[in-house]
Amino acid sequence: MRGNIVQCALRDTGLLPKVLTVPATGHLREIPALTARAASALALLALLVPAVSLQAQTTAADPAPAAAAAAAPATATNPASSAGASQVLNDTATWLAGLALDTNPSVSQAQRETDEAWAALRRSRLEPMEAFAAKHFAAERKNCATLFYPFGGPDMLNALGFFPNCQRYVLFGLEPVGELPVLAKLDDEQKALVLADMHKAQQYILRRNFFVTQYMSEDLNTPHLKGILPIVTTTLVRMGYVILDIVAANVDGSTPPTAGRHPRAVFVHFQARSGGPVQELVYASFDASDTGLEKNPLPLHLLEPLAPTATLLKAASYLLHDTSFARMRSLVAAKSPLLIQDDSGMPYAALLADGYSVELYGNYVSTIPAFSYRFQKDLAQAYATQPVHARLAFPWSYAWKRAEASLQIARKTGS
């Protein structure tokens with residue numbers, strides 16, 4: 001593999017450049033190699049910034065000890081305390097997350113409302129999710145190399161809620177990669193507009209625990225908010241991580257992105273605020289239908305080498321129930337020794353046919369009205385005849401009432 005560092009500067013749009021530094025290593029990389037390359041890339045970027053007029057700069061690590069571990073509530077103190085962390089990325093994400101209050105009262109009020117929503121979420125969702133995971137898939141949670149989250153979009157909230165210690169998280173969706181705002185270029189009115197768009201974009205995931213695809217196409221493509229990066233980076237700092245760098249890529253995972261085109265994938269390297277190993281988020285934007293993959297098979301170059309420890313499927317619009325997503329369903333079944341899902345993931349009959357042993361949690365009552373045609377009679381019968389565990393202690397997927405939320409844990413026989 002090539003070991004050189006490729007640096008790119010994209011046109012100045014008033015937003016953070018799409019590419020900071022790009023380790024030109026091709027496809028998915030192993031975590032041990034990432035740490036050294038990320039540190040080298042950040043050091044080289046500091047030398048190259050004046051020459052290429054990049055908006056992002058990095059700072060040396062703060063010598064003060066980190067204030068909180070990943071499991072503890074995030075704070076705005078020393079947001080880039082981990083070695084190699086990018087100060088500008090963490091400052092931006094911290095501001096977006098409402099952890100660093102703006103000097104303008106109207107802007108800071110919106111931040112306080114976001115802070116209150118996260119505090120409530122931590123109590124009602126993250127803490128119960130952690131307890132559930134520790135009880136029902138503790139081994140996989142502790143020794144997680146890769147979490148695969150098909151159709152997850154920007155939902156690192158649930159990925160980290162169940163699996164906070166994975167080396168790598170691989171998510172995809174239709175939403176573009178996007179960019180982060182450059183705070184120094186925004187006046188008070190523009191900042192208020194950014195936070196208003198952030199509030200709108202996050203309302204479903206914060207209050208109901210899922211994103212709505214048709215809303216995201218609008219919410220993540222406004223004049224003030226672009227793509228999944230603002231949501232993803234906000235989630236990371238809120239959950240106790242610092243961001244080391246952001247690397248743009250093509251949809252097959254290769255770098256650098258094709259000149260003149262928006263990146264279709266991104267690598268975000270991050271680390272617990274208290275220290276620990278470097279972790280990686282891989283996000284790709286593409287059409288995962290059979291037709292989409294036939295027209296553009298490059299995403300498979302990214303996905304086929306995967307060996308997930310676990311796969312998460314939730315609020316997936318029942319796409320894997322449809323014959324038009326047969327190829328992705330086969331890929332998920334072939335690569336997932338452990339599946340954590342709701343009823344919108346893999347069909348219950350398909351799980352049994354693929355050799356999974358399925359544990360049922362919560363209560364399967366019905367689908368939401370929009371997906372009534374996806375009601376699974378065999379799953380309902382299984383819940384009626386098999387021992388059913390107590391209702392879930394946290395909001396889950398499309399079910400608005402916890403008494404109606406269902407979760408399945410499926411393990412391949414022998415895994």
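Modeller: Rings of Phe, Tyr and Trp (its six-membered ring) pair if their centres lie within 6.5 Å; planes under 30 degrees apart count as stacked, over 60 as edge-to-face and the rest as tilted. Ring pairs link Phe132, Phe137, Phe162, Phe163, Tyr361, Phe394 and Trp396 into a cluster. This is a predicted model, in which local features need pLDDT of at least 70 and side-chain atom pairs count only at pLDDT 80 or more, while totals for chains, interfaces and linings use all residues. Residues are numbered from 1 along each chain as its sequence is written, and side-chain values use heavy atoms, with hydrogens and water left out.

Biologist: How many aromatic pairs does the structure hold, and what makes phenylalanine 132 and phenylalanine 394 an aromatic pair?

Modeller: The structure holds 21 aromatic pairs. In the pair of phenylalanine 132 and phenylalanine 394, the rings are 5.6 Å centre to centre, with 75° between the planes. The limits are within 6.5 Å for the centres and over 60 degrees for the planes, so the pair is edge-to-face. Phenylalanine 132 belongs to helix α3 (residues 105-136) and phenylalanine 394 to the loop between α13 (377-385) and β11 (406-412), 262 residues apart. Helices (H or I, at least four residues) and strands (E, at least two) are DSSP runs, numbered from the N terminus.

Biologist: Which angle between the planes is found for phenylalanine 137 and phenylalanine 162, and why is phenylalanine 137 called buried?

Modeller: The planes of phenylalanine 137 and phenylalanine 162 stand at 80°, with 5.3 Å centre to centre, and the pair is edge-to-face. Buried means under 20% relative accessible area, exposed over 50%, partly exposed in between (1.4 Å probe, protein chains only). Phenylalanine 137 has a relative accessible area of 0% and is therefore buried; phenylalanine 162, at 0%, counts as buried too.

Biologist: What places lysine 314 over the face of tryptophan 396?

Modeller: A charge sits over a ring if NZ of Lys or CZ of Arg is within 6 Å of the ring centre and within 35 degrees of the ring normal. Lysine 314 lies 5.7 Å from the ring centre of tryptophan 396, over its face.

Biologist: Why is helix α8 (residues 229-238) described as largely enclosed by the rest of the structure?

Modeller: Ten of the ten residues of α8 are buried, which is why the helix is described in that way. Among them are Leu229, Ile231 and Arg238.

Biologist: How do you know that α2 and α8 are roughly perpendicular?

Modeller: Axes are lines fitted to C-alpha atoms, for helices over the stretch in contact, and angles run from 0 to 180 degrees between N-to-C directions. Angles under 35 degrees count as roughly parallel, over 145 as roughly antiparallel, 65 to 115 as roughly perpendicular and the rest as oblique. Helix α2 (residues 87-96) packs against α8 at about 90°, with the axes 8 Å apart; the two are therefore roughly perpendicular.

Biologist: What is the peptide bond from threonine 255 to proline 256, cis or trans?

Modeller: That bond is cis, with omega near -5°. Proline 256 lies in the loop between β5 (241-249) and β6 (265-272).
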